[in-house]
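Here is a short tour of one protein chain. Keep the sequence and the 3D view open as you read.

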Amino acid sequence: MSIAPPAETEPLPTPEVEPLPAWAIPPQEGFTAEDLDRLPGIPPHTELIDGTLVFAGPQTNFHMATLFLLESGLRRTVPAELRVKREMTVTIGRRQRPEPDILVVRAEAVTGPRQTGYPAADVVLAVEVVSTESEIRDRRRKPDLYAEAGIPHFWRIENTEDRPTAYVYELDPATRGYALMGIHHDRLKVALPFEIDIDLTEIDGL
C-alpha cells in the first residue's frame, strides 16, 4: 500500500507591519510645545513635561465626577473677565506644555473654537485632580511648573474616602513657590481668585 505524499500548502502571507507613528520615537533633543499641535495621530490629552510626551490613562468615576463638580461650581460665580476651561494645555516653555484638569483664564486669552491651549501668563488658576497613575506629577512636578510660570493660584484635589479634599495654594511672588492657604473637606469656600463656594459633598449624588 503506497502512501500519498503530503499535499503542498501555500505559505502564509507575511503580515504587514505598520510603521511607528512619528511620536513613538522622541527626537534626541526631546519634543517641543509646538509638536503637540502638529504630530499626527497623537492620543488625546497628551501633555509635554520636560520634553517628554505624557499620555493620559483611563479616568475613574471619582475623577470625572470631581471635575464636573468643580467646573460647575466655578462657573456659577466666575466674573465676566475670566473663563473656566477644562483639560486644555498651558504653554510654559519650549519643553513644557502640561494640561491641568481645570483652569481659569483671562477672557481675552480665548481666541476661537480651534484653540488648543493657553499661555501661562493668561492662567489665573490651575487645578489638578490627583490620579493613581499621575500622583508624582500632580503633587510635585506640575505644581513646580505652574509656580515657576507665575500662575497665582493652584488647587490640588485628593480622594479622601471617595470625597474630594481641596488643598488650596497661593503663589509667593518672592520665592516663586506655592504657600498652602487651606485644606477644605466638605466645603470649598474661598475669596481668591474670586468668590467661590462649592459643596464638595454633592459628589455623593453624581
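Glu-161 sits in the loop between E8 and E9. The model is a predicted one. Glu-161 is exposed, because its relative accessible area is 78% and the cut-off for exposed is over 50%. Its backbone also deserves a look. The phi angle of Glu-161 is near 50 degrees, a positive value in a residue that is not glycine. Most residues other than glycine have a negative phi.

Arg-176 also has a positive phi, about 60 degrees, and is not a glycine either. Find Arg-176 in the loop between E9 and strand E10 (177-184). With a relative accessible area of 42%, Arg-176 counts as partly exposed.

## The whole chain

Now step back. The protein chain has three helices and twelve strands. Is the chain compact or spread out? Its radius of gyration is 23 Å, while the globule rule gives 17 Å for 206 residues. The value is well over the rule, so the chain is more spread out than a compact globule. The C-alpha trace spans about 95 × 40 × 30 Å along its principal axes.

How much of the chain is buried? Buried residues make up 43% of the 206 residues. Take the contacts between residues with a separation of 6 or more: 51% of them join residues 24 or more positions apart.

The accessible surface of the chain comes to about 12,200 Å². Carbon and sulfur atoms account for 54% of that surface. The chain carries 21 positive and 34 negative charges.

## The nonpolar cores

In soluble globular proteins, nonpolar side chains tend to be buried together. Look for this in the model. The largest nonpolar core has 25 residues. Which members touch the most others? They are Leu-70, Leu-74, Val-104, Trp-155 and Leu-188. Several elements each supply at least two residues of this core, including helix H2 (61-77), strand E5 (102-106), strand E8 (153-160) and strand E11 (187-190). The largest share, six residues, comes from H2. Apart from this core lies another, of 17 residues, among them Val-90, Leu-103, Val-123 and Tyr-146.

Zoom in on Val-104. Leave aside residues up to four places away in sequence. Val-104 then touches Leu-74, Leu-82, Arg-83, Val-84, Asp-122, Val-123, Val-124, Leu-125 and Phe-194.

Leu-69 lies in helix H2. Is Leu-69 buried or exposed? Its relative accessibility is 5%. That is under the 20% cut-off, so Leu-69 counts as buried. Leu-69 and Ile-203 are 134 residues apart in sequence, yet their C-alpha atoms are 6.8 Å apart in space. Leaving aside neighbours within four places in sequence, Leu-69 is in contact with Pro-164, Ile-198, Asp-199, Leu-200, Glu-202, Ile-203 and Leu-206.

Gly-117 is part of strand E6. At 15% relative accessibility, Gly-117 is buried. The C-alpha atoms of Gly-117 and Met-88 are separated by 5.3 Å, though these residues are 29 apart along the chain. Not counting residues up to four places away, Gly-117 touches Met-88, Thr-89 and Arg-97.

## Exposed loops

Arg-114 belongs to the loop between E5 and strand E6 (117-119). Its relative accessible area is 79%, so Arg-114 is exposed. Arg-114 and Arg-95 are 19 residues apart along the chain, and their C-alpha atoms are separated by 22 Å.

Pro-44 is in the loop between helix H1 (35-38) and strand E1 (47-49). Pro-44 is exposed too, with a relative accessible area of 63%. Pro-44 and Leu-67 are 23 residues apart in sequence and 17 Å apart from C-alpha to C-alpha.

## A cis peptide bond

Most peptide bonds are trans. Where does the model have a cis bond? The peptide bond from Leu-192 to Pro-193 is cis, with omega near 5 degrees. Pro-193 is in the loop between E11 and E12.

Note on methods:
Residues numbered from 1 in each chain as written. Predicted model: local features only at pLDDT ≥ 70, side-chain atom pairs only at ≥ 80, totals over all residues. Heavy atoms only, no water. Helix = DSSP H or I, 4+ residues; strand = E, 2+ residues; numbered from the N terminus. Rg over C-alpha atoms; globule rule 2.2 N^0.38 Å. Buried < 20%, exposed > 50% of the residue type's maximum accessible area, 1.4 Å probe, protein only. Contact = heavy atoms within 4.5 Å. Areas by Shrake-Rupley, 256 points an atom, 1.4 Å probe, with all protein chains shown as cover. Lys, Arg positive; Asp, Glu negative; His and termini not counted. Charge placed at Lys NZ, Arg CZ, Asp CG, Glu CD. Core = buried A, V, L, I, M, F, W, Y, C linked by side-chain atoms within 4.5 Å.
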